[in-house]
Amino acid sequence: MFDKKNHTGGLTRQEALNCIPVRNPEAAEQWLDSGEVVLTYPVALRPWLAGLTRRLGGEADGRRVKRLQLDHLGAAVWKLIDGRLNVAGLTEAFASEYQLHPLEAEASVSAFLRELGRRGLVALR
């Protein structure tokens, strides 16, 4: 499973901006006509919950599928995550597209990437 642990411990701001976000290869995307995207991705159940699920007749693999719908702004950032562009590049492209101040775009993109990382949808390399 895609490792969603936080490995950014002591990074400086510049080091964090140089990181390259990569998508979870197990995440599936469905683009909607509205410009939004629905992400479907597996998550591992905690061992005690997986055991309870098995005892109650659920799936035995200890995995569950979750869905997350991104609005058009989230979808725009998701589309930019290509495994080549670093966080600074994502921020710059996002700021340019939506006429945002660079620091405002950096704060928004960084918070969004942290949330995607917390959910196991992206990792930074």
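User: What covers the buried residues of α4?

Analyst: The cover of the buried residues of α4 includes α1 (13-18), β1, α3, α5 and β5 (122-124). Please keep in mind that this is a predicted model. The residues of α4 that are buried are V87, G89, L90, T91, F94 and A95.

User: Is G89 buried or exposed?

Analyst: G89, also found in helix α4, is buried, its relative accessible area being 16%.

User: How should I read the two ends of α4, and what stands at its start?

Analyst: At the start of α4, a side-chain oxygen of N86 comes to within 3.2 Å of the backbone nitrogen of A88. Just after α4, Q99 adopts a positive phi of about 50°. For background, most residues other than glycine have a negative phi, and most peptide bonds are trans. Q99 is a residue other than glycine with a positive value. Q99 is placed in the loop between α4 (87-97) and α5, and Q99 is exposed, with a relative accessible area of 69%.

User: At what angle do helix α3 and helix α5 pack?

Analyst: The general idea is that two packed helices are described by the angle between their axes and the distance between the axes. In this model, helix α3 (residues 72-80) and helix α5 (residues 102-118) pack at about 80°, and their axes are 11 Å apart. Angles of 65 to 115 degrees count as roughly perpendicular, and α3 is therefore roughly perpendicular to α5. On the α3 side the contact is made by G74, V77 and W78, and on the α5 side by V109, F112 and L116.

User: Which residues of α3 are buried?

Analyst: The buried residues of α3 are G74, A75, A76, V77 and W78. At the start of α3, a side-chain oxygen of D71 reaches to within 3.1 Å of the backbone nitrogen of L73.

User: Is R114 buried or exposed?

Analyst: R114 lies in helix α5 and counts as exposed, because its relative accessibility is 57% and the cut-off for exposed is over 50%. R114 and L124 are 10 residues apart in sequence, and their C-alpha atoms are 9.7 Å apart in space.

User: How many aromatic pairs does the structure hold, and how is the arrangement of the rings read?

Analyst: The structure holds one aromatic pair. The rings of F94 and Y98 have centres 5.0 Å apart and planes at 50°, so the pair is tilted. F94 counts as buried at 7% relative accessibility, whereas Y98 is partly exposed, with a relative accessible area of 27%.

User: Over which ring does the charged end of K79 sit?

Analyst: The charged end of K79 sits over the ring of W31, at 5.3 Å from the ring centre.

User: Where is N24 placed, and what does its side chain reach?

Analyst: N24 is in the loop between β1 (21-23) and β2 (28-31). At 4% relative accessibility, N24 counts as buried. The side chain of N24 reaches the backbone oxygen of G120 at 2.9 Å.

User: To place these features in the whole, how many helices and strands does the protein chain have?

Analyst: The protein chain has five helices and five strands. From the N terminus on, the order of the elements is α-β-β-β-α-β-α-α-α-β. The chain has 125 residues, of which 34% count as buried. Of the contacts between residues at least 6 apart in sequence, 65% join residues at least 24 apart.

Terms used. Residues are numbered from 1 along each chain as its sequence is written. This is a predicted model: local features need pLDDT of at least 70, side-chain atom pairs count only at pLDDT 80 or more; totals for chains, interfaces and linings use all residues. Side-chain values use heavy atoms; hydrogens and water are left out. Helices (H or I, at least four residues) and strands (E, at least two) are DSSP runs, numbered from the N terminus. Buried means under 20% relative accessible area, exposed over 50%, partly exposed in between (1.4 Å probe, protein chains only). A polar contact is a pair of N or O atoms within 3.5 Å; within protein, one must be able to donate a hydrogen and the other to accept it, and residues adjacent in sequence count only if both atoms are side-chain atoms. Rings of Phe, Tyr and Trp (its six-membered ring) pair if their centres lie within 6.5 Å; planes under 30 degrees apart count as stacked, over 60 as edge-to-face and the rest as tilted. A charge sits over a ring if NZ of Lys or CZ of Arg is within 6 Å of the ring centre and within 35 degrees of the ring normal. Axes are lines fitted to C-alpha atoms, for helices over the stretch in contact, and angles run from 0 to 180 degrees between N-to-C directions. Angles under 35 degrees count as roughly parallel, over 145 as roughly antiparallel, 65 to 115 as roughly perpendicular and the rest as oblique. Contact means heavy atoms within 4.5 Å.
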